[in-house]
Amino acid sequence: MKSTARITAIGTYVPEKRLTNDDLERVVDTNDEWIVKRTGMRERRIADENEYSSDLAIKAIENLVEQYQKELKDVGCIVVSTTTPDYVFPSVGAQIQDYFDIPTTGALDFNATCAGFTYGLHMANAFITSGLHDKVLVVTAETLSKVTDYTDRTTCVLFGDGAAAVLVESDAERPSFIATHIGTNGKGGKHVYRTNLSTTMHGQPLSSSGNMVQNGREVYKWASRTIPLGMAELLEQANLQKSEVNWFVPHSANLRMVESICERSEFPVEKTLTSVEYMGNTSSVSIPLALQIGINEGKLKDGDVLLLYGFGGGLTHAGHIIKWDLGKE
């Protein structure tokens, strides 16, 4: 089915507090050289003690409205990707509806971890192309610092906080979505998890601290194998050559992982947009943060063809080829 949905606006927000590599040296046995060599990260943004995912999300949406002068009263559905909601319920989506006083809208949170932004775009495209809604607000918000074990030197250097939002509207003449590919490998769920009610998986005990646990080596191997195959599927669907893609925008999990994916897919790393260096791994927020950085730096322009690819816990992954076109009518 040909898409009739267009991304028309973007907004982002990151907390003011910076956590640098030098700061981490004072917390765990690590150093700037080690972190940069293995991850490419130099800073992360960290939410205040009383600043939660809904607070970050609201500020990102306000940034969207301010930048693009968009009206939210007629939003038909709010979908929020988060693994760190303020509450089990009410949802962050419901809190957004309340704050912006949107009179008639659906609102839900979902969890596709680091693939959440691309999964959210998939839902928005489906809602609009099917005719169910004319305007969908896709939001990603994470306060990963609140579930990070700062005694674990292998994971505490990775994660940061932030939020982003995009507005997706009905536009049959200028649709954004060219190709989509999604997938899941549930058998790999044990490699990156955070426990909730259950503290076992496949009969095996899990760490039940409530913090994130990650086998970085296994996730790295899976992503390096899986994402290039998904990229190839997208290009085949779209009938495009790699040279026709202006920017590859992967989940900014780790700069070395991005480089490995580029090497295996034979995609030039200099044509990637990331947010990892000064934002860290912000899970589902990392792709829209990279898009905003690309706009701010004058790299990303209307008319560009983008290959977005999210991947993470689950193990989940989802990619899109889109035409970037935020220009006014």
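Me: Why is Glu 277 called partly exposed, rather than buried or exposed?

Reply: In this predicted model, Glu 277 has a relative accessible area of 30%, and because buried means under 20% and exposed means over 50%, with partly exposed in between, Glu 277 counts as partly exposed.

Me: What makes the contact between Arg 42 and Glu 277 a salt bridge?

Reply: The N to O distance between the side chains of Arg 42 and Glu 277 is 2.8 Å, and a salt bridge asks for a side-chain nitrogen of Lys or Arg within 4 Å of a carboxyl oxygen of Asp or Glu, so the pair meets the definition. The two residues belong to distant parts of the chain, 235 residues apart, with Arg 42 in the loop between helix 2 and strand 3 and Glu 277 in helix 8. Arg 42, at 33% relative accessibility, is also partly exposed.

Me: How many salt bridges does the structure hold?

Reply: The structure holds twelve salt bridges, and among them is the pair formed by Glu 297 and Lys 299, whose side chains meet at 3.3 Å, N to O.

Me: What makes Glu 218 and Lys 221 a salt bridge, and where do they lie?

Reply: Their side chains meet at 3.2 Å, N to O, and because the cut-off is 4 Å, Glu 218 and Lys 221 count as a salt bridge. Both residues lie in helix 6 (residues 216-238), three residues apart, which is about one turn of the helix. An α-helix has 3.6 residues a turn, so residues three or four places apart point the same way. Glu 218, at 25% relative accessibility, is partly exposed, as is Lys 221, with a relative accessible area of 37%, whereas the buried residues of helix 6 include Val 219, Trp 222 and Ala 223.

Me: How do you know that the span of helix 6 agrees with what its 23 residues should give?

Reply: At 1.5 Å a residue, the 23 residues of helix 6 should span 33 Å, and the end C-alpha atoms are 32 Å apart, which agrees. Just after helix 6, Asn 239 takes a positive phi of about 55 degrees.

Me: Why are helix 3 and helix 4 called oblique to each other?

Reply: Their axes come within 10 Å and cross at roughly 50 degrees; because angles under 35 degrees count as roughly parallel and those from 65 to 115 as roughly perpendicular, helix 3 and helix 4 are oblique to each other. Helix 3 passes helix 4 in a right-handed crossing, and the residues that meet include Ser 54, Ala 57 and Ile 58 in helix 3 and Val 92, Gln 95 and Ile 96 in helix 4.

Conventions
Residues are numbered from 1 along each chain as its sequence is written. This is a predicted model: local features need pLDDT of at least 70, side-chain atom pairs count only at pLDDT 80 or more; totals for chains, interfaces and linings use all residues. Side-chain values use heavy atoms; hydrogens and water are left out. Helices (H or I, at least four residues) and strands (E, at least two) are DSSP runs, numbered from the N terminus. Buried means under 20% relative accessible area, exposed over 50%, partly exposed in between (1.4 Å probe, protein chains only). The expected span of a helix is 1.5 Å times one less than its number of residues. Axes are lines fitted to C-alpha atoms, for helices over the stretch in contact, and angles run from 0 to 180 degrees between N-to-C directions. Angles under 35 degrees count as roughly parallel, over 145 as roughly antiparallel, 65 to 115 as roughly perpendicular and the rest as oblique. A crossing is left-handed if the near helix is turned anticlockwise from the far one by less than a right angle, and right-handed if clockwise. Contact means heavy atoms within 4.5 Å.
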